[in-house]
Amino acid sequence: AVVSTQSEKQHFKISDSDFVLLFGGMQMKEDNCRNIRKICRRPIHRSVPRCAGIVTGKEDPDHEYHTCVREATKDEQEFVMSCLKSDETPTKIQSVSSNLLDKQFSKRLKENKTLHLFHPAVGTDLTAVAQHGLLLNDTPPLMKKYGTGLHLARDESYALHFSQSRDIVLCEVVVANYCRGKPGDTKPPVSEDGSPYQSCVNNVADPEVFVLYDVMCVRPKFWVTF
């Protein structure tokens with residue numbers, strides 16, 4: 001039984017980053033011998049880079065790297081609607097931009113083919129997606145049928161099936177060469193000539209689900225709410 005709790009927070013700054021160290025300490029009473037002992041936990045480290053400030057409505061000229069979340073323009077809304085396969089109409093479409101993510105994405109682009117694919121907004125939120133993009137652990141466990149990577153769907157209905165909030169993210173994705181993925185895969189397999197595949201799919205002939213292991217190949221573009 002926990003008999004007392006306490007928490008401490010320490011702030012400090014290194015270069016252009018602000019850091020917060022969160023400490024938590026508890027004491028536990030053992031019922032059998034009535035001893036009270038302290039429970040120690042590792043501090044939770046949270047960093048807030050100066051360049052990752054969220055900007056709503058317009059880009060911030062005071063930051064070298066910036067993010068922007070705004071209502072999608074009419075042309076952007078029409079583009080999103082052209083990517084949808086069902087007749088269901090979104091209630092809201094928001095544009096997400098980040099020149100830092102764009103720069104990282106352009107390095108992966110080269111001459112590779114890109115597709116616009118959907119990911120359920122589970123385990124993340126609009127601010128996190130705008131600042132950091134999608135991460136490997138953002139894919140719901142039940143969706144990970146073809147490996148442990150980031151799963152994205154060709155059809156929005158597939159992504160919506162795993163989204164409890166009815167929010168999905170439309171992304172531009174570098175797919176390059178791919179092969180069929182298997183449950184438990186932690187990275188794309190190697191082809192017969194020894195070169196690694198870029199991504200995995202559910203069906204090579206007619207892929208509906210793509211699995212990426214390099215998150216820099218996935219660029220969130222729109223947050224779509226149904």
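Predicted model: local features only at pLDDT ≥ 70, side-chain atom pairs only at ≥ 80, totals over all residues.
Which residue's side chain meets that of D206 in a salt bridge? I started my notebook with this one, and I found R154, with N and O 3.0 Å apart.

**Entry 1: the D206 and R154 pair**

I looked up where the two partners sit. D206 is in the loop between β12 (199-201) and β13 (209-212), while R154 is in the loop between β9 (150-153) and α4, and the two are 52 residues apart. I then checked how open each one is. D206 has 42% relative accessibility and counts as partly exposed. R154 is partly exposed too, with a relative accessible area of 26%.

**Entry 2: the whole chain**

Next I stepped back for an overview. I counted 4 helices and 14 strands in the chain. The chain has 226 residues, and 39% of them count as buried.

How many salt bridges does a search of the whole structure find? I got 8. One of them joins the side chains of E71 and K92, at 3.6 Å from N to O. E71 belongs to strand β6 (residues 67-71) and K92 to strand β7, so to speak two distant parts of the chain, 21 residues apart. I noted E71 as partly exposed at 46% relative accessibility, and K92 as partly exposed at 37%.

I also looked up E88, which forms a salt bridge with R166; their closest N and O atoms are 2.3 Å apart. E88 lies in the loop between α1 (74-83) and β7, and R166 lies in the loop between α4 (156-161) and β10 (167-174), so this pair ties together parts that are 78 residues apart in sequence. The relative accessible area is 35% for E88, which is partly exposed. For R166, also partly exposed, I wrote down 31%.

**Entry 3: Q94**

Is Q94 buried or exposed? I found that Q94 is buried, because its relative accessible area is 12%, and the cut-off for buried is under 20%. Q94 is placed in strand β7, which covers residues 92-98. Leaving aside neighbours within four places in sequence, I listed what Q94 contacts: V69, R70, E71, A72, L126, K221, F222 and W223. E71 is a name I already had from its salt bridge with K92.

**Entry 4: the nonpolar cores**

Which residues have the most contacts inside the largest nonpolar core? They are L152, C171, V173, L212, V218 and W223, in a core of 22 residues. At least two residues of this core come from each of α3 (126-132), β9, β10, β13 and β14 (218-225). β10 gives the most, with 4 residues.

Not counting residues up to four places away in sequence, V218 touches F105, L134, L150, L152, C171, E172, V173 and L212. There is also a second, separate core of 13 residues, and V80, L160, I168 and F226 are among them.

Methods
Residues numbered from 1 in each chain as written. Heavy atoms only, no water. Buried < 20%, exposed > 50% of the residue type's maximum accessible area, 1.4 Å probe, protein only. Contact = heavy atoms within 4.5 Å. Salt bridge = Lys/Arg side-chain N within 4 Å of Asp/Glu carboxyl O. Core = buried A, V, L, I, M, F, W, Y, C linked by side-chain atoms within 4.5 Å.
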